[in-house]
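Reader: I am new to this structure and would like a close look at a single part. Please take me through how the pieces sit against one another.

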Number of protein chains: 6
Amino acid sequence: MRSLKEIEELAIAPDRLLFSASAQEIKEGWTTDIYFVKAREILKETGLDKVPVTAEVFARHSGILAGVPEVKNLLQDTGVELWSLQEGEPFREKEVVMRISGIYDNFGIFETALLGILASSSGWATAARQCKDAAGTKKVVCFGARHVHPAIAPVMERAAIIGGADGASCILGAKLAGREPTGTMPHAVILILGDTVKVADIYQRIMPEGAPVIILVDTFKDEAEETLRVAEALKERLSGVRLDTPSERGGVTPSLVREIRARLDLGGFSYVQILVSGGITPERIVVLDRAGADSFGVGSYISSAPPIDMTMDLKEVDGKPVTKRGRIPGITHSPRLKRF
Amino acid sequence: MRSLKEIEELAIAPDRLLFSASAQEIKEGWTTDIYFVKAREILKETGLDKVPVTAEVFARHSGILAGVPEVKNLLQDTGVELWSLQEGEPFREKEVVMRISGIYDNFGIFETALLGILASSSGWATAARQCKDAAGTKKVVCFGARHVHPAIAPVMERAAIIGGADGASCILGAKLAGREPTGTMPHAVILILGDTVKVADIYQRIMPEGAPVIILVDTFKDEAEETLRVAEALKERLSGVRLDTPSERGGVTPSLVREIRARLDLGGFSYVQILVSGGITPERIVVLDRAGADSFGVGSYISSAPPIDMTMDLKEVDGKPVTKRGRIPGITHSPRLKRF
Amino acid sequence: MRSLKEIEELAIAPDRLLFSASAQEIKEGWTTDIYFVKAREILKETGLDKVPVTAEVFARHSGILAGVPEVKNLLQDTGVELWSLQEGEPFREKEVVMRISGIYDNFGIFETALLGILASSSGWATAARQCKDAAGTKKVVCFGARHVHPAIAPVMERAAIIGGADGASCILGAKLAGREPTGTMPHAVILILGDTVKVADIYQRIMPEGAPVIILVDTFKDEAEETLRVAEALKERLSGVRLDTPSERGGVTPSLVREIRARLDLGGFSYVQILVSGGITPERIVVLDRAGADSFGVGSYISSAPPIDMTMDLKEVDGKPVTKRGRIPGITHSPRLKRF
Amino acid sequence: MRSLKEIEELAIAPDRLLFSASAQEIKEGWTTDIYFVKAREILKETGLDKVPVTAEVFARHSGILAGVPEVKNLLQDTGVELWSLQEGEPFREKEVVMRISGIYDNFGIFETALLGILASSSGWATAARQCKDAAGTKKVVCFGARHVHPAIAPVMERAAIIGGADGASCILGAKLAGREPTGTMPHAVILILGDTVKVADIYQRIMPEGAPVIILVDTFKDEAEETLRVAEALKERLSGVRLDTPSERGGVTPSLVREIRARLDLGGFSYVQILVSGGITPERIVVLDRAGADSFGVGSYISSAPPIDMTMDLKEVDGKPVTKRGRIPGITHSPRLKRF
Amino acid sequence: MRSLKEIEELAIAPDRLLFSASAQEIKEGWTTDIYFVKAREILKETGLDKVPVTAEVFARHSGILAGVPEVKNLLQDTGVELWSLQEGEPFREKEVVMRISGIYDNFGIFETALLGILASSSGWATAARQCKDAAGTKKVVCFGARHVHPAIAPVMERAAIIGGADGASCILGAKLAGREPTGTMPHAVILILGDTVKVADIYQRIMPEGAPVIILVDTFKDEAEETLRVAEALKERLSGVRLDTPSERGGVTPSLVREIRARLDLGGFSYVQILVSGGITPERIVVLDRAGADSFGVGSYISSAPPIDMTMDLKEVDGKPVTKRGRIPGITHSPRLKRF
Amino acid sequence: MRSLKEIEELAIAPDRLLFSASAQEIKEGWTTDIYFVKAREILKETGLDKVPVTAEVFARHSGILAGVPEVKNLLQDTGVELWSLQEGEPFREKEVVMRISGIYDNFGIFETALLGILASSSGWATAARQCKDAAGTKKVVCFGARHVHPAIAPVMERAAIIGGADGASCILGAKLAGREPTGTMPHAVILILGDTVKVADIYQRIMPEGAPVIILVDTFKDEAEETLRVAEALKERLSGVRLDTPSERGGVTPSLVREIRARLDLGGFSYVQILVSGGITPERIVVLDRAGADSFGVGSYISSAPPIDMTMDLKEVDGKPVTKRGRIPGITHSPRLKRF
């Protein structure tokens, strides 16, 4: 896509399956803000489209950087020089996280896309890091795919793992991060079979030997009662139980975890672990950890984390320091940036 | 994708451009949570995979529904009966927005994707509606693409228009909503050319006759001074000015809008409109409207709107009312749902 | 008890069962503050012990008056003239609720006791009235005996009924108010028998025909599951279920009440009522009523209600208006007082 | 009282003096909640009334334990084994304060009474401890009898002394704690005699030699003026003055105490102590102490202290660990409990 | 004073009595900010010192205008045209309260002085108006001279009367407002004579017949006691008592006023009025009025009222609309201004 | 002025220029509260006008003392002995700051004036000290004359210097403190000449060699743009720029200061200092200092500082300790007071 005219002519295919853009559409510039196309035309008009510039990207808040590989792929073939913090590195408020030097016309069109990649991925990675910091050596698994559009569910779950999550349930997301997806079972299958113990029994049979068996215990009965029924049925084949008490019943509380732990121990099932999920936040991880939870399934806290606003500013044009009002002109001294 | 085995075998292509999923990958189930695949295997084991069920989707908070066409496309060929509120309709807290009846095995795998589509799209549409409600008859344009991943930037901008935005700057987003993209110009082109009046002059020349000419006036000089310079240069060809004052200079304030309006009127430019952008929220729209702003460019408020959490519950299995603890069993009386 | 000397000689019986005072000890003045005995001796010394005085009792806060019959009994045989608001009447902040005219020496010794009776009883009655006002036509039962000393548990429960409670579980308290005590069963009996349905079955058998059968359903299992088990076992003999969910499980919530109501109705048990208890306050009565609760067991809110501070001031001595600094001398115009 | 039938037959004597229960009535079970009687009948029906059980009592908040001797007396002759913290010992939130092992039928009926004794007495003792902690080596005297029913005024004042109060004004309360009651004089006697100095003079004459002479100085005149008049009249016979300024005149303030101290010292009366009363709390004790007050009369803060909610749970039945949902089954490890 | 050179030469007289400026010094410009003198020299250098300009004064907050006569006097002989709201008129936030047209050099030097006059006088007048609005038909007297420098005490008290106060105690202040000063007596004279009644007696003797006799009753004794002593001594010659209870004794409270009123009425002195002072604010006027106070002596609330910030902007130079950034150029439409 | 009669006869001159009092009027007593004149007459009547007394002045809040020289001048010729803290010394809450011994009639008439002098001057000095403490070694200049009446503008600015300000713009104020006034230029002169650079150029020419040249840079253009224009025009003759951004444009922010500093340094103007003004408070000084500001012009924070309420009490009359209710009689031990 090279001009306003092409935009005018663009038509949407009537049998388009989804509204999300394909990698090809993004690479061709169809998801950019239209004013970058206008900018291109103005510069061409004045013969300044080949001027060398340097741009810097800085973040409005501190966080963990993610999305760098996608930006790198987008900019390959543009001839620019790319400096950046590393994928997964922390950055401070207003710190420069990326610097691009090259012909403006070659990369200006990607400003919208690259800011969007960094802003959203860093938002997710930062939230995951906060959870992991709260959980210490215990496991954090990302269960957030159900809150975001499926086109980016894998981007989000991969970013969560970059940020520090130990696993993810979205198949493609886990695979992108080099992991196998992890998860238990939905309430639906228990409702269809009508009994948790029955489901548990089949589950352990069909799972490959050695694979962990974690059973959801809050569908029909009180969690404590169901936990003991399942533990007695599966014996040593049971790895853990998952508590996902709905908010209508008060959600998962520290008292509940403490009681389940005690009843498991009393029954001789001290090897059974407790996985908690449902509205988990760093603050709740701290108290549930203290109550005895062994791992944490985190959804909205990661998937609904607000993007970390990124801004790109031109800092040099044709070798001279410039910038708009309100910013400091010239290249910022940023020794942590590495050349890609 | 039909089994745990296939998942195990999935490998990521080494030259994959981006982490986002293509429509094909989504349709094949690669972005689902793994536990839905496990559920499928358990049901097959017990011969219950063909049992008819009814599921309902309800929202945790009130809002504006968006994403229905994508869900419909995902479910075509599954043989299910789909009931839903209409795209763009308002819903209340805990109201049922969608009902699906059919063989569980045929649609269970899409739970993650369809909840994600509805949750995120409705979140964006709802935020856009709040802006439009605040703006009344004045225009709201969505400028949020730069805060989200480019794979869903068009989904977001289209949802904003469903919610009530009058336009969008993301090319593909506007097109999906049947509009032409709108926008002015980036600060970068002004920095490269070195003078706003010069940019304005070229801009009006290359734009087709009749197209609105809106100039960004905060790059180098005080907004009031630059506004008058541009107005005097372009005369009646100037449609409007855009104020995007950076937060380092206090952002766009009601006093600034009032002063620009007064200075334009004093100079005989009462036909020039004022477009404001930068941290715009419904609350700020109200006060800037009163101060004389003519249109509003909204970014983060729409693009960072949290998803509206959606939950899918089985309410009938094989004709009998069921559901998990904490919910009311059986089909909910929902006369507003329409059959698709 | 007539003098400081007698006080010095008082000895506590070594086999005294409890520390609470008997009616006889109170009538003889042993629970008064010692300075009233000193006052008596000073007045006797000056020959002023027979001077006629008028005293008024006023309340520091508004409320519902209770305790008047006990005060009347204490003052019988003292020759005083007693004016008072009626048992159960509301009073305003600083309103005079009682006036006593007579020989000071005959009633001064009872100041401590009569203020204590009115302050504590009115505190309880006022709290009960707030609950009843919130419950409207639905029933409020006082379950607070376990938070107060048994010597006054009946005083408290009777005062609650004066204030508006429909019943009380303390045997003597209910009887004093002319009611039969009401209540269900303790968790202990269910724990000993090991199954709620078994307890329910015996309970309905031993209860006289026509007596309501209300079963506690939160001991072992999820409330919804246990409710249906009991309802199916007792059928039409079941009058209601009592929800007393411990705070460790989130207490009784509006969602829980709504679900139990729906599951009972679905099962054909719409005649079964829902009694809620555990941390009930007027605010919670309002929301639980709206969710479908039929009656309310209130404990601490009534039994821990702070006493309403009462003050007695001399307002006339020997026919002349007097009073201490900070108060208005002379008899207050109080047309609502009635002569006893 | 052994059955529901006896309860039905219970009639209140028409000449009953007060509503409070006698020790005999409590011992016979008339103040219990009726559901314990129902429990007894159900157990008898199933032949389980003689089953051995272990129950534990724990407190909802931390505090100072009081009421143990009354509980011990109630349980004598029941054959149970009683373990408890000591009278006056501190306990933590949710700590087990008492354990009872025995035949359930023998002690179940006393649950209401013993929880009520411990809850209310510990509430009072805890409040008194807070006052004493604030006062350090200075004296705290309990003046709260006028806010509670006279049947428990002695229970309350004794508990205050257990908690740390140095004295009490209720005759029977002080005696139960092995002290002589302390107090000054009521405003009434000053109003009747018409002059504070005159009352002071008689008072010192009738008091035994060596007994402290403390005069109330706020009835008619400014406290500073009256203090000097009394000091000059009684000379070295005056031990102290009591400031009880009514709230209508701003209550007792640190400035007032400081001024009275200074005027006493200027007049050569540095041996006269200052006792303050009226709305005294631990916070106010701290500032009044610093201003020069010598002792503190505390009323409502102790007498209106809310009971500390106590809960009794069965933790073993017939040698097996049990308990209801939300609690940990089995006997709690509580090494601080001592066998009685 | 005409130049920087004269400023350099200015020397302070060694026997100068006070630091405040005389009217002569102000008129000559010695209290102006030095940059106005620099401005004058710059304009003279460019020959623009005789250019005609129009300046407007606006207020940052709403209030009551005061100080206009002083501004008028300062500007007489400068040849300017003066438009203004009237002395005592209310103005709104940002409303133009004054407009000056003329040769800049003739009045620029007075900017500091005239803004200071208007800002401080309007601050005082506004506070007084708030008090009067609270007092309704009852009297408000300004007692604030002791909180401000004596050079402006009369300015302040006169402004208070402009704002609505009924009187003032500062002799010159009251006289400037055309009133006779009002006031009672200081505590000092009562301390020297040693008895309030004695002072009261002399006071009524030396006051001219018909002049009100108001006695201060809180020096030595409780206010209620002293009030009655004075009332009995002066009988019908007593017009009122003044309550000025120090904050160390809780200040003047509604309860105190109510009690004094009742005791006066009981004693047959219903004609004696109650004047209250000490920390009086509009809020306290409302509650003390309701309690029966007849007039209010207000000090700090008026005298410490913050100045209402006034700003002077040039809006026209040589007939052309100008102004600085952030303001609207050109003369503001202000129909309420009147030509002086 | 010696009597009530003289007061009655006082008439205001019809051609009086201002309402402020001259030093002569103050010395003669015309600004005193009238009740001191009444006191004088009462004392004369009883022959007690020559009694020796001692009075003490204490402050309601802590602060910095100012105004002592004026008090000393007022009391010269009265024969009293004056003890005081020194001008500029800190004092604590309720500390005695001044003691006066002598014939009451000789100085009583000055109570109003001397309290007013100390209260207002100490208020200003204290606020200035807070600013200076925040600024550390950087300069604080008082620009507050425009908020107060010109009669006391010099008193205020001198007090600010006593408190710690490094300079003042009011000519007479600076001179009284032994300094030369400092300041830049008003916006008016820039508006009249129409260009900041032009004004700057003339300004540097007319200023004596060596005098600092500080230019106001926010009148017409963006501060950053104007700063560079001025710096390039004046080169090394430019000492500093003053930022006084109006609140309508967000006021002076740390970001603005940081940017101006960076742009000056980039341009080679690192010797140019930044002076900030407009709504400066100690809190803002701290953040602007950190952002790079070099000096601070403070207005309202100093000039609108509330007076520190001062109270004068008689503590000895004729050698005997006295005082009114609520205070401690007799001379306070105050070793920091020095004899004047």
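Author: Domain bounds here come from an automatic or database domain assignment. On that basis chain A is divided into domain 1 (4-122 + 306-339) and domain 2 (125-303). Residues are numbered from 1 along each chain as its sequence is written, and chains are lettered from A and ligands numbered from 1 in the order in which they are written. The model is predicted: local features need pLDDT of at least 70, side-chain atom pairs count only at pLDDT 80 or more, and totals for chains, interfaces and linings use all residues.

The centres of domain 1 and domain 2 of chain A, taken over C-alpha atoms, are 38 Å apart. Two residues are in contact if their C-beta atoms, placed from the backbone, lie within 7 Å. By that rule ten residues of domain 1 of chain A are in contact with nine residues of domain 2 of chain A. On the domain 1 side, β2 (63-64) and α6 (111-135) of chain A each supply at least two residues; helices (H or I, at least four residues) and strands (E, at least two) are DSSP runs, numbered from the N terminus. That side of domain 1 of chain A divides into four nonpolar, five polar and one charged residue. Here Ala, Val, Leu, Ile, Met, Phe, Trp, Tyr, Cys and Pro count as nonpolar, Asp, Glu, Lys and Arg as charged, and the others, Gly among them, as polar.

Next comes the contact between chains A and B. Each of the two chains puts in residues: 93 from chain B and 93 from chain A. Helix α3 (residues 34-46) of chain B gives the largest share of the chain B side, ten residues. The chain B side as a whole divides into 55 nonpolar, 22 polar and 16 charged residues.

Copies are superposed by least squares on the C-alpha atoms of residues with pLDDT of at least 70 in both. The same surface serves both copies, since 100% of the contact residues of chain B recur in chain A.

Chain B can also be laid on chain C, by a turn of 120° and a shift of 0.0 Å along the axis, with an RMSD of 0.1 Å. These two copies are thus related as by a three-fold rotation axis.

Some pairs do not meet. No contact joins chain B and chain D, whose closest C-alpha atoms lie 16 Å apart. Chain A and chain E do not touch either, and their nearest C-alpha atoms are 16 Å apart.
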